[in-house]
Amino acid sequence: MAVSSCARAFASFECRSEPDFSRPEIPSAGYSRNSKSANLRGGAAAFRGLSSPILRFPPNFVRQLSTKARRNCSNIGVAQIVAAAWSNNQAASGSMPAAKAVDAAAVAAVAPVEIETGVDKVVSAGEDVVCDGENVQVDDLPPFKYASFLNSDGSVAIHAGERLGRAIVTDAITTPVVNTSAYFFKKTSDLIDFKEKRSTSFEYGRYGNYTTVVAEEKISALEGTESTILMASGMCASTVMLMALVPAGGHLVTTTDCYRKTRIFIETILPKMGITATVIDPADIGGLESALEKNKVALFFTESPTNPFLRCVDIERVSKLCHDKGALVCIDGTFATPLNQKAIALGADIVVHSATKFIAGHNDVIAGSISGPDKLISVVRNLHHIIGGALNPNAAYLIIRGMKTLHLRIQQQNSTAQRMAEILEAHPKITRVYYPGLASHPEHNLAKKQMTGFGGVVSFEVDGDLLTTAKFVDALKIPYIAPSFGGCESIVDQPAIMSYWDLSQSERAKYGIFDNLVRFSFGIEDFEDLKADVLQALETI
């Protein structure tokens with residue numbers, strides 16, 4: 001049987017090595033810097049293990065591609081070559097009729113050829129092909145390394161976890177979505193190696209996913225920490241973190257201004273576990289010192305900036321105070337994002353995000369993340385594996401996609417929010433504006449010290465009552481009246497109605513939620529359009 005010219009050109013096929021952008025040292029033995037080609041050996045034996053560790057072709061598809069490869073070599077692609085080679089190997093082992101595969105003996109006669117590649121490694125005639133087509137397990141997930149030439153968070157957000165080391169062997173630029181509920185092991189000994197931690201892989205979808213790992217590594221890279229775990233929502237992340245790190249009967253400190261559902265969990269659910277809490281003003285350092293003296297505090301947990309008044313906590317100072325007393329510090333950095341604030345670098349142990357907001361950034365996914373050192377995140381991860389709340393891999397893909405424009409979106413949202421906050425503060429129909437970028441904000445100087453941008457959310461009070469404020473909100477044409485924030489589309493709401501309507505006016509006032517309060521999340525629309533819309537709406541009241 002005649003062998004196609006493509007089979008001659010690709011005497012053996014090897015999965016392309018992932019370029020290491022962070023390794024400056026001289027290559028080790030077996031690599032040649034001066035070589036511009038790889039000496040690839042021929043022979044039927046070279047066709048072993050040609051499929052990706054993730055994807056294998058069904059037999060019918062393989063046979064069709066193999067036939068096509070013999071009939072029309074001019075249009076053959078890499079996937080067809082892989083399929084034809086897989087077919088050859090099956091024929092050689094007797095599992096497929098020989099008439100339906102390229103003659104292995106003829107292929108074996110093809111001499112090794114020199115093929116120009118971008119990989120410096122020289123494959124010697126005695127080496128086996130790198131890929132193991134029979135096993136989807138990855139022996140060692142490549143640890144993330146910073147590339148020396150990537151100094152910008154924007155570049156890291158695009159390439160971390162993907163070009164800079166990915167768990168999935170593929171030449172695709174985008175990360176594949178691995179929709180699977182479980183992972184198989186080729187043989188029992190592989191399973192035992194995994195259980196005894198001699199090899200690394202996944203076992204069940206709730207315990208991890210290849211697509212999700214990429215999103216986690218991106219967040220870890222931006223936060224400058226060892227590990228990140230993604231969960232099904234921001235509330236899932238916060239609640240699991242609190243239950244994992246505060247022991248039964250323990251004590252935590254939190255702040256007055258925070259997301260209401262978090263407060264409800266701390267006030268109503270944690271006491272059932274014997275966990276008590278001290279609630280202080282975000283700027284009350286004396287209150288924190290007193291709580292640390294009177295209680296064995298396990299954790300200080302707060303948002304910074306807070307929701308909805310964007311109060312800021314002195315992360316460096318509270319971290320030192322807490323660490324001196326053996327307490328951990330967790331900062332919810334959702335409003336800040338990893339680009340505007342580095343809580344870990346400021347001294348915090350853990351940073352939590354509602355990835356639903358700025359991180360994903362497109363109002364199309366719900367997720368939460370927890371980042372910190374391995375020793376702490378592993379404790380959270382163990383409880384998460386029990387409770388559940390795993391992130392769907394399709395949602396992880398949306399986060400990956402969203403993060404690639406994170407730096408561009410944050411730049412626009414920071415700029416728009418700052419300019420609009422200044423305009424609103426000067427407007428006669430606005431009585432007060434809450435935004436860390438304004439000199440009038442109580443923590444403005446602190447925000448300038450620990451943040452590089454002040455975020456895309458501005459809260460303000462309209463000069464009027466509930467109905468007057470609602471009239472202003474209804475007159476807006478660009479933003480959606482909706483919960484959440486941080487997406488490309490602008491969103492506006494009255495917290496008194498959106499989040500606290502089940503409470504009386506006097507009960508809402510206890511939390512500082514007045515009827516005229518508005519929370520405005522600026523998207524990435526044109527600034528002049530947003531400005532005109534807001535000013536026109538204000539003219540209606």
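Visitor: In this model, is Asp-493 buried or exposed, and what is its relative accessible area?

Guide: The structure is a predicted model, and what follows is computed from its atoms. A residue counts as buried when its relative accessible area is under 20%. Asp-493 falls under that limit and is therefore buried, with a relative accessible area of 2%.

Visitor: Which residue meets the side chain of Asp-493 in a salt bridge?

Guide: Side chains of opposite charge can pair when their charged atoms come close. The partner of Asp-493 lies at 3.3 Å, N to O, and this partner is itself buried, at 10% relative accessibility. The residue that meets Asp-493 in the salt bridge is Arg-519.

Visitor: How many residues apart in sequence are the parts that Arg-519 and Asp-493 tie together?

Guide: The side chains of Arg-519 and Asp-493 meet in a salt bridge. Arg-519 lies in strand E14, while Asp-493 lies in strand E13, which covers residues 491-493, so the pair ties together parts whose separation in sequence is 26 residues.

Visitor: Which residue in strand E11 has Arg-519 of E14 as its bridge partner?

Guide: Strand E11, residues 457-462, and strand E14, residues 517-521, run antiparallel and are joined by five bridges. Within this pairing, the residue whose bridge partner in E14 is Arg-519 is Ser-459.

Visitor: Which strands stand at the edges of the open sheet, each with a single partner strand?

Guide: The open sheet is formed by five strands with mixed pairing, in the order E10-E11-E14-E13-E12. A strand at the edge has a single partner strand, so one side of it is left without a neighbour in the sheet, and this applies to E10 (430-434) and E12 (480-481).

Visitor: Which residues are linked with Arg-198 in a network of salt bridges?

Guide: A search of the whole structure finds 14 salt bridges, and Arg-198 takes part in one with Asp-193, where the closest N and O atoms are 2.8 Å apart. Arg-198 also forms a salt bridge with Glu-196, and there the closest N and O atoms are 2.5 Å apart. At 52% relative accessibility Arg-198 counts as exposed, whereas Asp-193 is partly exposed at 26% and Glu-196 is partly exposed at 48%. The residues linked with Arg-198 in the network are Asp-193 and Glu-196.

Visitor: What is the phi of Thr-337, and what is that of Asn-363?

Guide: Thr-337 lies in helix H12, residues 337-340, and counts as buried at 2% relative accessibility. Asn-363 is in the loop between strand E8 (350-353) and strand E9 (368-372), and it is partly exposed, with a relative accessible area of 33%. Neither residue is a glycine, yet phi is positive in both: about 70° for Thr-337 and about 55° for Asn-363.

Visitor: Which residue has its backbone oxygen 2.7 Å from a polar atom of the side chain of Gln-450?

Guide: Gln-450 lies in helix H16, residues 444-450, and counts as buried at 7% relative accessibility. Leaving aside residues up to four places away in sequence, Gln-450 touches several others, among them Ser-304, Asp-314, Asn-340 and Leu-346. The backbone oxygen that lies 2.7 Å from a polar atom of the Gln-450 side chain belongs to Val-313.

Visitor: What covers the buried residues of helix H9?

Guide: Helix H9 spans residues 260-269, and its buried residues are Arg-260, Thr-262, Arg-263, Phe-265 and Ile-266. An α-helix has 3.6 residues a turn, so residues three or four places apart point the same way. What covers the buried residues of H9 includes helix H8 (234-245), strand E4 (251-255), strand E5 (276-280) and E6.

How values were computed: Residues are numbered from 1 along each chain as its sequence is written. This is a predicted model: local features need pLDDT of at least 70, side-chain atom pairs count only at pLDDT 80 or more; totals for chains, interfaces and linings use all residues. Side-chain values use heavy atoms; hydrogens and water are left out. Two strands pair if DSSP finds at least two bridges between them. Helices (H or I, at least four residues) and strands (E, at least two) are DSSP runs, numbered from the N terminus. Buried means under 20% relative accessible area, exposed over 50%, partly exposed in between (1.4 Å probe, protein chains only). A salt bridge is a side-chain nitrogen of Lys or Arg within 4 Å of a carboxyl oxygen of Asp or Glu. A polar contact is a pair of N or O atoms within 3.5 Å; within protein, one must be able to donate a hydrogen and the other to accept it, and residues adjacent in sequence count only if both atoms are side-chain atoms. Contact means heavy atoms within 4.5 Å.
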